[in-house]
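These are my notebook entries on one model. I set down what I looked up, entry by entry.

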Amino acid sequence: MKLSDRVQGMQNSPIRKFNPMAAEAKAAGTKIYHLNIGQPDIVTPPVFMDAIKNFDQKVLAYAESPGLPQLQDSIIDYFKTFDMPLERKDVLITSGGSEALTLAFLSLINPGDEVIVAEPYYTNYLTFIQAADGVVKPVTTYVEDGYKFAYLDRLEAAVTEKTKMISIVNPGNPTGCILSREDMRLICDFAKKHDLWILADEVYREFAYDGREMTSFGQFEDVADRVIIIDSVSKRFSACGARIGCIVCKNEELMSSVMKIAMGRLCCPTLEMVGAAALYELDASFFTEVRAEYEHRRDVSYEALKKIPGVVCEKPGGAFYITCKMPVESTEDLLIFLLQEFRDNGETVMYAPAEGFYATEGLGKNELRIAYILKAEDMARGIELLGKGIEAYKAAGNK
Ligand SMILES: Cc1ncc(COP(=O)(O)O)c(C=O)c1O
């Protein structure tokens, strides 16, 4: 018996693959600061649970495949605040942004089609694209350059006759990079010139700092038929376990193709859709407080990282991640050391090694991503542990 070549060629997620090691450390009484995953400690707004508690139907029935109309409508209202008028047919509810990405790639990619992606990228893009038999075509970005990638010459160099789409996470995970309106215009014109789809993952839309204005790819009317927006309640409302997201797209052909797969998977969980509808109805003032909290966490994390000798990082403009170069040869080996050998007062720290965020062989080995999703004092302690851990790692003879 054999498994598919497709699956055998895939990686295990560098965000989660060290969890068994962490579980062992915890079972032995170690406290771990989890900076490896974008799981915020911000309280989920109570309206989510309240809406579910008030659900009064006697049968927990399947919903329609596109999603509960009340959730579609609250998403439509939410997007109105970004001057993006939508109809129900433009919104398909999915099980998280992850399913939205999977459905979009499955609907667009033929075997061997290439997707232009800035690297380092959100590591699971590789998994989703490979699952659709596509190929990641990376455009490498650099910490020293603030991870900017909207350079026409670099984008042009990535185009081949197999290029099908360009995929963008804005604000970026794992870099926190935010595209300016001019960058976005450049990408739209580039996509038009080469007749590419634009997949715009904007799940961190509200998390833009230092007064930055966020523009959505959905606001560029001349590319409305080629833009697919990925959205999710996970980060925005600190509701990762709800597993609710959506695809927003005005291209009817694409939406009816996605629907074929969506009908096959029947529907998203009804109760979570009821809760998510209440989340999307929250007043925009909710984000003011949350944004200020993340901005503070970012500042504390950045300052703490800069204190570690040899760290190279830029202050990110958005999302809640910082990717940096570390003064070690392998951040995977360092992480294994931190989980298995290093302790400071019974505590250690976990991050995501960045090699799996790159498609280009050899890149990212000495880089890591931390998520600043814990309270500021916990971030400071986690990063202090990282610094102490590096000292101990080197004192043990590692490079
Ligand atoms: C850029 C990006 N897109 C999509 C997702 C998927 O999130 P979810 O499936 O929880 O909506 C994540 C999760 O970290 C992400 O960072």
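Where is Pro120 found? I located Pro120 in the loop between strand 3 and helix 6 (124-131). I took helices (H or I, at least four residues) and strands (E, at least two) as DSSP runs, numbered from the N terminus.

Entry on the model. I worked from a predicted model, in which local features need pLDDT of at least 70 and side-chain atom pairs count only at pLDDT 80 or more, while totals for chains, interfaces and linings use all residues. Residues are numbered from 1 along each chain as its sequence is written, and side-chain values use heavy atoms, with hydrogens and water left out.

Entry on the backbone. I looked up the bond between Glu119 and Pro120 and found a cis peptide bond, with omega about 5 degrees. A cis peptide bond also joins Asn173 and Pro174, with omega about 15 degrees. I placed Pro174 in the loop between strand 5 and helix 8 (181-193). I then noted Asp210, which has a positive phi of about 60 degrees although it is not a glycine. Asp210 lies in the loop between strand 6 (197-201) and strand 7 (227-232). For context, most residues other than glycine have a negative phi, and most peptide bonds are trans.

Entry on the ligand. I found 15 residues around the ligand, with Gly97, Ser98, Asp201, Ser232 and Ser234 coming nearest; a residue is near if one of its heavy atoms lies within 4 Å of the molecule. Helix 5 (residues 96-108) supplies the largest share of this shell, four residues. By class, I recorded six nonpolar, six polar and three charged residues in the shell. The classes are Ala, Val, Leu, Ile, Met, Phe, Trp, Tyr, Cys and Pro as nonpolar, Asp, Glu, Lys and Arg as charged, and the others, Gly among them, as polar.

I next looked up polar contacts, that is, pairs of N or O atoms within 3.5 Å. A polar backbone atom of Gly97 is 2.6 Å from an oxygen atom of the ligand. For Tyr204, a polar side-chain atom lies 2.7 Å from a ligand oxygen. In Lys235, an N or O atom of the side chain is 3.0 Å from an oxygen atom of the ligand. Taken alone the ligand exposes 400 Å², of which the protein buries 94%; these areas come from the Shrake-Rupley method with a 1.4 Å probe.

Entry on the largest pocket. I used a 1 Å grid over the protein atoms alone: a cavity is a set of points where a 1.4 Å probe fits but cannot get out, a pocket is an open set with protein on both sides within 12 Å along at least five of seven lines, and lining residues have an atom within 4 Å of a point. The space taken by the ligand is the largest pocket, and a molecule sits in a pocket if more than half of its atoms lie within 2 Å of its grid points. I noted a volume of about 500 Å³ for this pocket, a volume being the space filled by probe spheres set on the points, which are joined across faces, edges and corners. Its lining has 24 residues, and Ser98, Tyr122, Asn124, Lys235 and Arg243 lie nearest the centre. Helix 5 gives the most to this lining, with four residues.

Entry on the cavity. I found one cavity of 30 Å³ or more, and about 180 Å³ of space lies in the largest cavity. Of its 18 lining residues, Ala118, Pro120, Phe149, Val169 and Gly172 are the closest to the centre.

Terms used
Polar contact = N/O pair within 3.5 Å; in protein donor to acceptor, adjacent residues only side chain to side chain.
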